Amino acid sequence: MIEFTAPHEDEYRIARLRERLAADDVAELGVQVEQRGTSVLLTGTVPTASRRDEILRLAREELAGLTVRADLVVACADAPDRWEELP
Amino acid sequence: MTRPPTTPDTPGRPLTTTPDGAGPAHDPAPGPDPTSETARSDGHGTVVRVAAVGDIHLGPDCAGVLRPAFAGLPDRADLLLLAGDLTRHGTVEEARVVAEEVADAGVPVVAVLGNHDYHSGEEAAVTQVLTDAGITVLEGDAVVLPVAGHKVGVAGVKGFCGGFVGRSAGEFGEPEMKAFVRTTRLSAERLALALGDLSAAGCAVRIALTHFAPVPDTLAGEPLEIHPFLGSYLLAEAIDGAGADLAVHGHAHLGTEHGMTAGGVRVRNVAQPVIGRAFALYRLPVAGDGTASVPEAVRTAAPAHAPGGELISGAVRRS
């Protein structure tokens, strides 16, 4: 029987979080989950602040015991202040 | 069949005036809003103003988020393109949110669906909700819109994946693999036919609208390993083969905005996380006003079309 060391387990737990984020109830494919040393970093853009909170809650639940850091941006819904000329 | 755009345009309306002829004076801010200027008045000719965004991933929790920005569109743009992934899970409930967001856009809205919009298997119902709201949803077909007396054509497919030249999947081996690549190939073929229809219709400007990417240029920032899941060179081959003035796509949230096909067609990734705004704005010169993007022989041979926006070949190619 193979006995996983902690780092291996962490890798699979991170993979499971990625799968949960992509699954039916969440469907956030635009969030990246990376292992950075002993912590996990979440990056990407989400449509609303409530979805960012939801993703953070899931990450902390799935990765309990690991340090979760997040730099998730809420998409800007402002009209543009410039255009591009395509000559 | 003929369907009206969200707001009927008047053929011959010069782009130098807003629909009410009032110009940019609506803006209460000091000085004119630069994006409210409706056309170049510097002697370079008419332009068509294209607003575009993809990957807005709306759901009931996002209702109203984009509406204020969309409400200002008539002063800034002649049409709005939606490059797929309009919903989060592809449900009818979410599609209704999309319909509400663009309800006051005041310009013709043309969309393709994205992979998220297919997730619940309700893509037909999603399309119906959007269509009922006045949005032209393209999948292997094209629409011709009148802008300032010119025909502006948009050909659209969702597209699919497979990868890019030298690093792409082939239609070989297991049935599953062949079906995967065939899906992309057939989608690209439908796009080429729809673009061809726009040329035949005498469009002065032709735009290819997809969800998946036609080139890897606009994927820069995405992990290389997932490029084959983000688009296919078959779409670019179709665009170059049939000809277009602009190709617009979404899907790649980590990508970049600018790219170009091998044949020299500009590609823009308008995924909302990429453009960082409610929509991006592009201004294309209209062929015949200094820049010829459609051969004259094709234009003059084209049949006349109703001014309200005409859908081409939809029923035939949807199956």
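**Interface and packing in a predicted two-chain model**

Colleague: Which residue's side chain does Arg51(A) meet in a salt bridge?

Modeller: The partner is Asp61(B), at 3.0 Å from N to O. A salt bridge here is a side-chain nitrogen of Lys or Arg within 4 Å of a carboxyl oxygen of Asp or Glu. Please note that this is a predicted model, in which local features need pLDDT of at least 70, side-chain atom pairs count only at pLDDT 80 or more, and totals for chains, interfaces and linings use all residues; side-chain values use heavy atoms, without hydrogens or water. Residues are numbered from 1 along each chain as its sequence is written, while chains are lettered from A and ligands numbered from 1 in the order in which they are written.

Colleague: How many salt bridges are there between chain A and chain B, and how many residue pairs are in polar contact?

Modeller: There are four salt bridges between the two chains. Polar contact across the interface is found for 12 residue pairs, both residues being at pLDDT 80 or more. A polar contact is a pair of N or O atoms within 3.5 Å; within protein, one must be able to donate a hydrogen and the other to accept it, and residues adjacent in sequence count only if both atoms are side-chain atoms.

Colleague: Which elements of chain A give two or more residues to the side that touches chain B?

Modeller: They are helix H2 (49-62) and strand E4 (84-85) of chain A. Helices (H or I, at least four residues) and strands (E, at least two) are DSSP runs, numbered from the N terminus. H2(A) provides the largest share of that side, three residues. By class, the side of chain A that touches chain B has 12 nonpolar, five polar and 10 charged residues. Ala, Val, Leu, Ile, Met, Phe, Trp, Tyr, Cys and Pro count as nonpolar, Asp, Glu, Lys and Arg as charged, and the others, Gly among them, as polar.

Colleague: And what area do chain A and chain B bury between them?

Modeller: About 2,700 Å², with 53% of it on carbon and sulfur atoms. Buried area is the accessible area (1.4 Å probe) that two parts lose on being put together, summed over both. Chain A brings 27 residues to the contact and chain B brings 37 residues, where contact means heavy atoms within 4.5 Å.

Colleague: What does Gln32(A) touch?

Modeller: Gln32(A) lies in strand E1 (residues 31-36) of chain A. Leaving aside residues up to four places away in sequence, Gln32(A) touches Leu41(A), Leu42(A), Thr43(A), Gly44(A) and Leu254(B). A polar atom of the Gln32(A) side chain also lies 3.3 Å from the backbone oxygen of Gly30(A).

Colleague: Moving within chain A: where do Glu61(A) and Arg20(A) lie?

Modeller: Their side chains meet in a salt bridge of 3.0 Å, N to O. Glu61(A) is in helix H2 of chain A and Arg20(A) in helix H1 (residues 6-22) of chain A, so the pair ties together parts that are 41 residues apart in sequence.

Colleague: Is Glu101(B) buried or exposed?

Modeller: Glu101(B) is buried, at 1% relative accessible area. Buried means under 20% relative accessible area, exposed over 50%, and partly exposed in between (1.4 Å probe, protein chains only). The side chain of Glu101(B) meets that of Arg67(B) in a salt bridge of 3.8 Å, N to O. That pair links helix H1 of chain B, which holds Arg67(B), with helix H3 of chain B, which holds Glu101(B), 34 residues apart. Arg67(B) is partly exposed, at 28% relative accessibility.

Colleague: How many residues of H3(B) are buried?

Modeller: Seven of the 10 residues in helix H3 (residues 92-101) of chain B are buried. The buried residues of H3(B) pack against helix H1 (67-71) and helix H4 (123-132) of chain B.

Colleague: What caps the N-terminal end of H6(B)?

Modeller: Ser232(B) does, with a side-chain oxygen 2.9 Å from the backbone nitrogen of Leu234(B). Just after H6(B), Gly243(B) takes a positive phi of about 90°. Buried residues in helix H6 (residues 233-242) of chain B include Leu234(B), Leu235(B) and Ile239(B). Their cover includes helix H5 (175-200), strand E9 (205-209) and strand E10 (246-249) of chain B.

Colleague: Lastly, how many disulfides are there over all chains?

Modeller: The count is zero, a disulfide being a pair of cysteine sulfur atoms within 2.5 Å. Cys62(B) is buried, at 1% relative accessible area, and Cys161(B) is buried at 7%.
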